[in-house]
Amino acid sequence: METLLVVEDDPGIQKQLKWTFTDFEVVLASDRNTAIAALRRYEPKVVTLDLGLPPDETNASEGLATLKEILELAPATKVIVITGNDDKENSLKAIAIGALDFYQKPIDGDTLNTIVSRAFFVSGIEEENERLKGSSLDDNGFIGNSPQVQQVSRMVERIAPTEVTTLLLGESGTGKEVLARAIHERSPRKDKPFIAINCASIPETLLESELFGFEKGAFTGAHKQTKGKIECADGGTLFLDEIGDMPYPLQAKILRFLQEKIIERLGGRQEIAVDVKVICATHQNLQGMVSEKSFREDLFYRISEITINIPPLRERGEDVLLLSRAFLQSFSKQFGRNITSFSDDAIQALMTHSWPGNIRELQNKIKSAVIMADGKQVSSFDLALIPKQGEESQTLALNLRQVREDAEKSAIRKAISIAAGNMSKAAELLGVTRPTLYSLMDKYSIQK
């Protein structure tokens, strides 16, 4: 639960605000000293600040001084100042100092709650942007907040320091090479080479020589001794992308290399020891290929000591927007464009598109949109996407108050159901008093 600091000297209003902000952990302060102490202790993201603080309750000098000190100590804090109903001048002074918003008395709980919820939302967006500034797409960052991506990230952190052979499974465009580089960069081999080879992009007749190298005269055109990709990766990491497309006869040679960490160049007789960490990837169903005898079973088990399943973009929820903003920032800088955001229809289009090409498709869409956009916003037209209408897109019309109310109604009904109508038990499940529960039921017209 987020912490909200309420700075207010009137005990009655303190009590009113504490009951108003039931969605937050409310910390109370009655003057500048207690407010600053609470700020240091709890580090709240949002503060409501009555400008009429003692010892100058009739004016705003103490409140404005408190505002300045809060922002000096914690510049990212979102402060909502509360003033008298005819004190517009001091409200504007507070905004000029750095307050996010102001609210004039008398206090309406629902309205103030919406303003505070919006402040927490703005704070979250700014934190997200700061995270993006600290992680570049060129720095092997696997960006995402979805549970699936967080699970993948935890696996990467555990795998990276080890020498296990890892298999990355995922659709084309999901970022398998990005993830392989992330594993390499977090491993003790990060200062050594990362060598990638796509087994599907090289003709079968050339793939063996690309991997293992060749001696001079090994075949027509072999005019000099040449190291293969495996030998070039010595000390570092070898990434075998689309290993499911590796020719069956070559799989036996790869298996021997993985088991013994020894290779022989084409046309050579000398065994060469190589020390590499191996990561493989494919979009194909290797177990199905094993059943069909098109992929060696022993090789499959050798390359899949650890398997990571990378989720497709369509299953990653709001990661689409997180990635979109990261690409927008990156390409705007690359092309010297001052494009800062997406229009509402662009956001709707991004969230409702199925993304069959995954992150690669998203990246290309954002890149072309940055080039084509006329203003500071990217529209759905710039993205060449049509927003889908209907139930799915309606979920994008977010209203924080409505979202909160829907969640409260759902939780109340569920608690009453679990408690079989026992209101004391339902209140206990919800973490509120019985009077509060009855009040909420009246508010939402919920029958026992």
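Buried means under 20% relative accessible area, exposed means over 50%, and partly exposed lies in between (1.4 Å probe, protein chains only). This is a predicted model, in which local features need pLDDT of at least 70 and side-chain atom pairs count only at pLDDT 80 or more, while totals for chains, interfaces and linings use all residues. Residues are numbered from 1 along each chain as its sequence is written, and side-chain values use heavy atoms, with hydrogens and water left out. Helices (H or I, at least four residues) and strands (E, at least two) are DSSP runs, numbered from the N terminus.

**View 1. Ala 384 has a positive phi in a loop.**
Ala 384 lies between helix H16 (380-383) and helix H17 (391-394). Its phi is near 60 degrees, a positive value in a residue other than glycine. Is Ala 384 buried or exposed? Ala 384 is exposed, because its relative accessible area is 57%.

**View 2. Glu 242 also has a positive phi, but is buried.**
Glu 242 is not a glycine, yet its phi is about 50 degrees. The residue sits in the loop between strand S10 (237-241) and H10. With a relative accessible area of 9%, Glu 242 counts as buried.

**View 3. Helices H8 and H10 run roughly parallel.**
Helix H8 covers residues 204-212 and helix H10 covers residues 248-260. The two pack at an angle of about 10 degrees, and their axes are 11 Å apart. Axes are lines fitted to C-alpha atoms, for helices over the stretch in contact, and angles run from 0 to 180 degrees between N-to-C directions. Why is H8 called roughly parallel to H10? Angles under 35 degrees count as roughly parallel, over 145 as roughly antiparallel, 65 to 115 as roughly perpendicular and the rest as oblique. The angle of about 10 degrees therefore makes H8 roughly parallel to H10. The crossing of the pair is left-handed. That term applies if the near helix is turned anticlockwise from the far one by less than a right angle; clockwise gives right-handed. On the H8 side, Leu 207, Glu 208, Leu 211 and Phe 212 make the contact (heavy atoms within 4.5 Å). On the H10 side, the partners are Leu 250, Lys 253, Ile 254 and Phe 257. By class, this contact has 6 nonpolar, no polar and 2 charged residues. Ala, Val, Leu, Ile, Met, Phe, Trp, Tyr, Cys and Pro count as nonpolar, Asp, Glu, Lys and Arg as charged, and the others, Gly among them, as polar.

Helix H13 (residues 319-334) packs against helix H15 (residues 358-372) at an angle of about 45 degrees, with axes 9 Å apart. The crossing is right-handed. Which residues of H13 make the contact? They are Val 320, Leu 323, Ser 324, Phe 327, Leu 328, Phe 331 and Ser 332. H15 contributes Ile 359, Leu 362, Gln 363, Ile 366, Lys 367 and Val 370. The contact divides into 9 nonpolar, 3 polar and 1 charged.

**View 4. Cys 199 and Cys 280 do not form a disulfide.**
A disulfide is a covalent bond between the sulfur atoms of two cysteines. Here the cut-off is a pair of cysteine sulfur atoms within 2.5 Å. How many disulfides does a search of the whole structure find? It finds 0. The sulfur of Cys 199 is 7.8 Å from the closest cysteine sulfur, in Cys 280, so the gap is too far for a bond. Both ends are buried: Cys 199 has a relative accessible area of 3%, and Cys 280 has 0%.

Pro 55 lies in the loop between S3 and H3. Pro 106 lies in the loop between strand S5 (101-104) and helix H5 (109-134).

**View 5. Glu 57 touches Asp 9.**
Glu 57 sits in the loop between strand S3 (46-50) and helix H3 (61-73). Its relative accessibility is 44%, so Glu 57 is partly exposed. Not counting residues up to four places away in sequence, Glu 57 touches Asp 9 and Gly 52. Glu 57 and Asp 9 are 48 residues apart in sequence, but 8.9 Å apart in space, C-alpha to C-alpha.

**View 6. Arg 158 is exposed in helix H6.**
Helix H6 (residues 147-159) holds Arg 158. The relative accessible area of Arg 158 is 67%. C-alpha to C-alpha, Arg 158 and Ile 446 are 48 Å apart, with 288 residues of separation in sequence.
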